[in-house]
Number of protein chains: 2
Amino acid sequence: MADFNPLFDYIERKSKVTLPEDERNLILNKLKTKKLRKRQFFLQEGDVCKYMGFIVKGATRMFAVDEKGHEHILHFGLEEWWVGDYESFYLLTPSKYYVEALEDADLILITNEQLQELARTTKAVAAMLDSLNQGATIANNKRMRAAISLTAEERYEDLAKTYPHFLQRFPQNMIASYLGISPETLSRIRKAAVK
Amino acid sequence: MADFNPLFDYIERKSKVTLPEDERNLILNKLKTKKLRKRQFFLQEGDVCKYMGFIVKGATRMFAVDEKGHEHILHFGLEEWWVGDYESFYLLTPSKYYVEALEDADLILITNEQLQELARTTKAVAAMLDSLNQGATIANNKRMRAAISLTAEERYEDLAKTYPHFLQRFPQNMIASYLGISPETLSRIRKAAVK
DNA sequence: CGTTTGCTTGAATTCTGTCAAAGCAGGTGG
DNA sequence: CCACCTGCTTTGACAGAATTCAAGCAAACG
């Protein structure tokens, strides 16, 4: 079973509120955990995303498949990130995305009802949610700006600066997919960038 | 002075909670309003975004300027939308964006402190915020997916389907900027798309 | 080992941006 | 009422950027 301490730390850090022992136990007793093997899917297109997953250990990618069968990575997931399809999770609609483990992973799972209830009963979780939403909106704006206003090369450099660990942890063809360019183009950009 | 009823309706609709008379008065008495003339700026690069603005009437655009001096539109604003730079608003950092009126506009203004306090005192506002955040995250995911996985032509068609009123209300060169393509390319896409 | 997976490289093709010019409104002032 | 701006759109020619297809290579894995 997954270790809950990273989640407790995360909640306290994001919410800036201390988690009392009883609330920790509440969380510990309510939430399920799940282990994923590399290449195992956490979510597949057409499924309803019943759980959001908190990554205790491991890495994931969330991607969409277009009509031509090409995959496009929207998000990576690493330790201390939540993964899943928010749209499907909140609206209970079938997801258009896949979430797949890129490394063996330990997740802590939460349903929408559990999340709502925890947000009502524990201050720290409510504050964490607000903080998460703020952070997500800000990050989304930045990424959108990068997508519209930067060239492929600039987007790569931006990524290398903002998330340097991505480059060590994920294969290059997936970085390319995340940037919205072909793996060949990324290879050429890297070659040209060597000073 | 701006009419507050659109804001009240909006809060009730988003929150699915009725706004009692006393809470309406609280809002009415606390919040300032502002009129913008066409081309007037609501926010300029370097300013801290002290207020978020609720558009009662009119239209705006939020854009960034790159090193070459080119403008890139990140969001449009229309009636019943909130405008401003969330990052600057929440973190009190200087904004990297401009918000400009594209038509004469009536806005209702709210500061971060007012928003936090209203969220504490009135259920409807708190619920509205949650709903807004959910909607924003979902919309951001969709737009990001479009940006990575669609061609310029497909992005235009997607926009025409999702926000048809944009095409009537905003000039084509701004639509192009929003899509991240040049006005010439958009013109050619439109010409080719006529069946 | 042999297979798979990911990375690189080349050549041809398609797409998009840039620059320049011209057309086409709507709005204004004379 | 007309002439003239001014802002927006269209078009053409060209250069540059990115994708596609194909092949080869190296490291990782079972």
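Ala, Val, Leu, Ile, Met, Phe, Trp, Tyr, Cys and Pro are counted as nonpolar, Asp, Glu, Lys and Arg as charged, and the others, Gly among them, as polar. By these classes, the surface near DNA strand D in this predicted model is made up of four nonpolar, six polar and five charged residues. Both protein chains contribute to that surface: α9 (183-193) of chain A, α8 (172-179) of chain B and α9 (183-193) of chain B each provide at least two residues. The most comes from α9(B), which gives six residues. Among the 15 residues around DNA strand D, those that come nearest are Ala152(A) and Thr185(A) from chain A, and Gln172(B), Asn173(B) and Ser187(B) from chain B.

The two protein chains also touch each other, with 21 residues of chain B in contact with 21 residues of chain A. On the chain B side, at least two residues are supplied by each of β5 (71-77), α3 (86-91) and α5 (123-149). The largest share of this side belongs to α5(B), with 13 residues. Sorted by class, the side of chain B that touches chain A holds nine nonpolar, eight polar and four charged residues.

Chain B is superposed on chain A by a rotation of 180° with 0.0 Å of shift along the axis, at an RMSD of 0.0 Å. This is the relation of a two-fold axis. Of the interface residues of chain B, 100% are also interface residues in chain A, and the copies therefore meet through the same surface.

Definitions and conventions: Residues are numbered from 1 along each chain as its sequence is written. Chains are lettered from A and ligands numbered from 1 in the order in which they are written. This is a predicted model: local features need pLDDT of at least 70, side-chain atom pairs count only at pLDDT 80 or more; totals for chains, interfaces and linings use all residues. Two residues are in contact if their C-beta atoms, placed from the backbone, lie within 7 Å. Helices (H or I, at least four residues) and strands (E, at least two) are DSSP runs, numbered from the N terminus. A residue is near a molecule or strand if its C-beta atom, placed from the backbone, lies within 6 Å of it. Copies are superposed by least squares on the C-alpha atoms of residues with pLDDT of at least 70 in both.
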